[in-house]
Amino acid sequence: MSETYTIPVGPLHPALHEPITLKLEVSGEKIIGVDVFCSQVHRGIEWIGMNRNNPIQSIYLSERVCGICNICHPLCMVQAVEKAAEIEVPERAEYIRTIAAELERIHSHLLWAGVAAHEIGFDTVFHYTWALRENVMDLIEYLTGNRVTKAIMMFGGVRRDIKENGAKKLREGMKFYLEKFRKIEEIFLQDPTIKMRTRDVGILTREDALKLCAVGPTTRASGVPKDVRQDFPYAAYGDYEVKAITPDIYNGEVHGDVYDRIVVRLLEVKQSIEIINWALDNMPSGPLLAEKNLVRLKMKLKKAEGEGIGRVEAPRGEDIHYVRLKAGEEPFFSWKIRAPTYNNVLPWIPMLLGGQIADVPIVAASTDPCMSCLNRVTVVDVEKKKEFQITKEYMHKLSVKKTRRLMRNGR
Amino acid sequence: MNVEDIVKKIKENFEADIKVQRKSHGVKKIEEETLFVRIKREDFKKFVKFLFEIEKYPHFSIISATDFGEEIELLYHFSVGYGSFNGEKMISVGVTLPKNDLKIETITDLIPGALVSEREIHEMVGVEFIGLKDTRHMFLPPDWPEGKYPWRRDETFPSEMLNKLYETWKEGEKK
């Protein structure tokens, strides 16, 4: 068939139930052109930080950039402000920040693994992974008081300590995950059907990953050892000396496909467990905050003048915040948030080109996109021109069908 | 390449205002280094090409914009030297553009990954990127009024839309 069609997918996202529009040009089942549109959940977070909030309020606002990365955004932002206002952070606080960030990575990667299993039709695996994830959520709740918005970051430190009981619970939790890790590995990496659905699907070459500035597990799966924790260490990562995980560590080869992205994420869960155990063993004692008095801190920030960049390796990749402070003005003079998905949207295009419609959900999901991170300015808009709408359910059905077909033929 | 060498090289080739920011972390006090380089608009493209001399593919993070009233500063955040422990250096390149002439050359021909960021700055601040082919809205809706820029601090800011988001669009009605 020589005729091609353009199929809009979205505004509701086929993979992660979040709003983004993909326009796919297809010839038969084959995808020959891809275009991406954002703009459905812009919330104006940077504008509020630059015009309404004082800096301390902005910490809690930045937590709400994303429901999953709610440690890395405030961490990134406080680091930027600490550099701009020259605030020194106590060592113990840096270790607690590291533990909080690694707990977030474990829960985010498990969440992603469940979603990926769901996208290819393995709902039992999805429920199993999410049930495992509950343990780390309980740990987070025990340590910070909240499952989701943890409110633990503060300029010049953290707000809560990890005491003996917390450390004990953390160690038990990490032991639990180390025991379960073998099973997770078996389910995801040795299952023949998952391998068939993900091997050599949605390939991102090393060259493309570098040119399109992809970040996080997406770029590491293509064999690029970019990891902010390794390249540009912050908090306690410099003491630990993190090494970026690329798929060749596991099986000696790099394909840059969806399977490799699963490998990288699962190995990172194991790495996070090791980092947390190490941080608990080596945690220095000392104060948690550079300045306990919030009024004094606020006055200091109001007088400060300068600029700073915060960089954090979020579960999805490099997160970067730029903050500029102007003396005499309470809100930030300038604040720019760049969440990892922002850089991982363009790599979708080479990944999807040449693929099939049934592969769109798993390929899109393989970058672990987070739309609320990507969109931050408020705009209300609904695109009206959709005559050939493919719904998320239909795509999901196609994806499940393909898995079943492969399972039948594979046997 | 260490920071001193980079600073030396930049000074040899460009008329630039350079600031090095250092911050140490953890018990071992490992230092991270960030360079802020302010250059003239004419030198900008040459500077980006210069980054390619340091590394084959310099990592581009984002463009941030600051409105100073009469002029706008664009700060391009790059980093070079990934892949080794504490080997990466941030290089942020600032270019100041007067408001009556908001034009700068695109870098998408060198770094295709900058496309989203340039489209964002184009729609949010109103900077024209010379040579940028795709200037459609990325984050704002396609029917966004022309000449309104949400990230500016002047009369082009769409203040009439503020706090009235529920009024900007209603079911079954074209604005």
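User: Which residue in the turn of the hairpin formed by β2(A) and β3(A) has a positive phi?

Analyst: This is a predicted model, in which local features need pLDDT of at least 70, side-chain atom pairs count only at pLDDT 80 or more, and totals for chains, interfaces and linings use all residues. Residues are numbered from 1 along each chain as its sequence is written, while chains are lettered from A and ligands numbered from 1 in the order in which they are written. Strand β2 (residues 21–27) and strand β3 (residues 30–37) of chain A pair in the antiparallel sense over seven bridges, where strands are DSSP runs of E with at least two residues and helices runs of H or I with at least four, numbered from the N terminus, and pairing needs at least two DSSP bridges. The hairpin has two residues between its strands, and the turn residue with a positive phi, of about 65°, is Gly28(A).

User: Which residue of β3(A) is the bridge partner of Ser27(A)?

Analyst: Ser27(A) belongs to β2(A), which covers residues 21–27 and pairs with β3(A), residues 30–37. Across this pairing, the bridge partner of Ser27(A) in β3(A) is Lys30(A).

User: Which residue in β2(A) is the bridge partner of Pro8(A)?

Analyst: The strands β1(A) and β2(A) run antiparallel and are joined by five bridges. Within β2(A), the residue that is the bridge partner of Pro8(A) is Lys23(A).

User: By how much are neighbouring strands turned against each other on average in the sheet of β6, β7 and β8 of chain A?

Analyst: These three strands form an open sheet in the order β6-β7-β8, paired in the antiparallel sense. At its edges stand β6 (306–314) and β8 of chain A, each with a single partner strand, so one side of each is left without a neighbour in the sheet.

User: Are helices α6(A) and α13(A) roughly parallel or roughly antiparallel to each other?

Analyst: The axes of α6 (residues 164–189) and α13 (residues 258–281) of chain A come within 10 Å and cross at roughly 160°. Angles under 35 degrees count as roughly parallel, over 145 as roughly antiparallel, 65 to 115 as roughly perpendicular and the rest as oblique. The two helices, α6(A) and α13(A), are therefore roughly antiparallel.

User: Which element gives the largest share of the side of chain A that touches chain B?

Analyst: The contact, in which residues pair if their C-beta atoms, placed from the backbone, lie within 7 Å, takes 43 residues from chain A and 40 residues from chain B. Elements giving two or more residues to the side of chain A include α4 (91–119), β7 (317–325) and β8 (334–338) of chain A. The largest share of that side, four residues, comes from β7(A).

User: Which helix gives the most to the side of domain 1 of chain A that touches domain 2 of chain A?

Analyst: By an automatic or database domain assignment, chain A is divided into domain 1 (5–42 + 347–410) and domain 2 (45–342). Their contact takes 29 residues from domain 1 and 35 residues from domain 2 of chain A. On the side of domain 1, α16 (348–352), α17 (360–366), α18 (371–374) and α19 (392–410) of chain A each supply at least two residues. With seven residues, the helix that gives the most is α19(A).

Technical notes. Two residues are in contact if their C-beta atoms, placed from the backbone, lie within 7 Å. Axes are lines fitted to C-alpha atoms, for helices over the stretch in contact, and angles run from 0 to 180 degrees between N-to-C directions.
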